[in-house]
Amino acid sequence: MRTPPHHSSAIEAWNKFVAEPPAHVTFVGDFDEDFIARYVSYAGARSLSASAANGTNHTMPVGQHLRNLSKFKTCRKKDAGVFCQGTVINGRRSKKTMGVMSLIVLDCDKINDINEVVEAAKRAGIAVAVITTHTHYSTTTDVEWKHFETWRGRSGTDVTLDEATEFFRQRGKHMPGVVDSISLAERARGTDGWVIRVTHAPVHKCRVVAFLKEPMDFNAYEDLDEGNEAWACAIMGFAAKLGIEIDESCTDSSRAFYSPSHPSGTNDHQVIYVAGDLVDFHEVEAAGRVLKGDAKSPSAPAKAPVKAPQRKQPAQAKAQAQTGEKTKLVHATRLWAKKFAMRFLVTDALAAYSPNLLTSAALGGKGRHIERCPYCERHSNTAGDSSTYVCNAIADPRSGFKIQCMHASCKDTDRLEFLQRLIDNGSLPAEALADPRFLLEDANAELIDKIAAEFQQPTNQGKYAYRIY
Ligand SMILES: [Zn+2]
């Protein structure tokens with residue numbers, strides 16, 4: 001028998017991280033395993049300046065994304081890479097090219113203490129990562145000199161403490177306590193030209209990263225403005241749920257967030273992981289609409305997604321199975337699903353039979369993106385966009401193989417339906433399902449033989465075509 005491949009499961013990696021966290025990491029509560037092992041997709045780039053309009057999509061377990069958020073870079077400027085809240089289409093990051101949104105992120109610039117944010121997430125029962133930003137604990141703030149001149153309505157190189165304090169008060173971006181603590185104001189050389197620089201008590205600044213229960217899919221909105229409006233409302237509703245004051249710019253769906261970093265010579269950075277629930281997009285969107293005084297009820301995506309086959313309707317599946325000459329519901333295939341979904345190495349099988357279908361981008365564990373969703377004709381944008389992925393089963397009784405697509409029109413599609421589609425469209429032969437090379441070793445050998453024998457009985461068309469779902 002073959003040796004099972006090495007599996008680095010998201011859960012194992014997370015448990016190891018929790019057992020030996022870096023010094024700047026704190027946990028509040030325990031994250032459950034389903035949460036850690038679920039997948040998220042989003043675009044990232046090495047730097048904002050190098051990629052004003054670009055991003056590369058990634059899919060990974062939540063646990064891996066959370067761990068990545070603990071990896072701070074030390075740098076003078078804060079551009080240590082960026083990430084978005086969802087995928088981008090054709091590598092372009094703009095409000096018109098967002099794809100599937102998995103994350104929901106808020107910047108908290110007006111707080112007294114990051115623990116306020118932690119307490120708010122605990123009260124709301126929402127799972128978040130609270131991450132300090134580059135300017136956290138800084139005692140100076142620079143604002144372009146020309147903004148100061150515009151504000152006071154005259155040019156000149158002089159500045160008084162009172163004038164500076166009033167400027168910062170009216171600007172409204174700091175907590176009153178911080179403005180009151182301004183002790184020094186000067187005209188100085190900033191990184192990009194002249195600035196007004198004030199010295200004050202340390203400011204607290206952080207970012208909150210949470211995860212959507214069901215991804216929000218821009219492809220499901222006929223009108224992109226409606227999708228962006230829905231997104232903006234959801235951000236406002238989520239901020240309100242946590243009681244966090246946000247800036248208008250935070251509601252942009254294509255906003256890029258800097259990856260964690262801190263200035264060299266400082267050691268005030270931290271990440272606090274608060275366990276809790278996923279964010280219900282429709283709930284926070286509805287709350288945001290109420291705040292905006294928008295009478296419109298939460299937007300159902302205008303374009304009704306093609307109805308995906310429902311899960312767990314054996315009668316329907318059976319009826320489908322009995323229609324069409326190339327289908328045949330075999331008892332063994334149901335047994336297969338029951339016994340072998342936990343053991344099937346779908347990535348390995350596709351790599352053997354349809355390597356072109358897999359993209360080069362690897363996911364965490366033994367997962368890969370697939371070039372095009374097997375049901376991509378249902379998407380409103382039918383081009384491949386890395387929103388679909390496959391993952392081998394791992395040696396963990398709770399985690400079978402995965403085939404999943406992040407598009408709204410595919411969200412109710414069972415992995416077995418995807419697998420059936422891959423068989424029907426010729427990407428995988430049915431025999432692959434009973435091939436010991438693609439099953440974890442401890443699968444019951446007798447059962448494999450029995451199922452393999454059934455798979456080898458031709459239908460009356462002489463084809464191996466079986467319904468597994
Ligand atoms: Zn799909």
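Which residues does Val 130 touch, not counting residues up to four places away in sequence? The legends below take up this question and others, using a predicted model.

**Figure 1. Overview of the protein chain in the predicted model.** The protein chain has 469 residues, and 43% of them count as buried. It contains 14 helices and 19 strands.

**Figure 2. Val 130 and the residues it touches.** Leaving out residues up to four places away in sequence, Val 130 touches Ile 114, Val 117, Val 118, Cys 206, Val 208, Val 271, Ile 272 and Val 274.

**Figure 3. The largest nonpolar core.** This core has 103 residues, and the members that touch the most others are Val 128, Val 130 and Val 208. Helix 8, residues 224–242, gives the most to the core, with 9 residues. The core lies between domain 1 (10–136 + 204–292) and domain 3 (314–455), because both of these domains give residues to it. In soluble globular proteins, nonpolar side chains tend to be buried together.

**Figure 4. The crossing of helix 8 and helix 9.** Helix 9 spans residues 281–292, and its axis comes within 6 Å of the axis of helix 8. The two axes cross at roughly 90 degrees, so helix 8 is roughly perpendicular to helix 9. On the side of helix 8, the contact is made by Ala 230, Cys 233, Ala 234, Ile 235, Met 236, Gly 237, Phe 238, Ala 240 and Lys 241. On the side of helix 9, the residues are Phe 281, Val 284, Glu 285, Ala 286, Ala 287, Gly 288, Arg 289, Leu 291 and Lys 292. How many residues of this contact are nonpolar, polar and charged? The contact has 12 nonpolar, 2 polar and 4 charged residues.

**Figure 5. His 379 and its surroundings.** His 379 is in the loop between strand 17 (367–370) and strand 18 (388–391). Is His 379 buried or exposed? His 379 has 26 other C-beta atoms within 10 Å, and a residue is buried if that count is 20 or more, so His 379 is buried. Not counting residues up to four places away in sequence, His 379 touches Asn 219, Cys 373, His 407 and Ser 409. Ala 408 is 29 residues from His 379 along the chain, and the C-alpha atoms of these two residues are separated by 8.1 Å.

Conventions:
Residues numbered from 1 in each chain as written. Predicted model: local features only at pLDDT ≥ 70, side-chain atom pairs only at ≥ 80, totals over all residues. Core = buried A, V, L, I, M, F, W, Y, C linked by C-beta atoms within 7 Å. Buried ≥ 20, exposed ≤ 12 C-beta atoms within 10 Å, placed from the backbone. Helix = DSSP H or I, 4+ residues; strand = E, 2+ residues; numbered from the N terminus. Domains from an automatic or database assignment. Contact = placed C-beta atoms within 7 Å. Axes fitted to C-alpha atoms, helices over the stretch in contact; angles between N-to-C directions. Parallel < 35°, antiparallel > 145°, perpendicular 65-115°, else oblique. Nonpolar A, V, L, I, M, F, W, Y, C, P; charged D, E, K, R; others polar.
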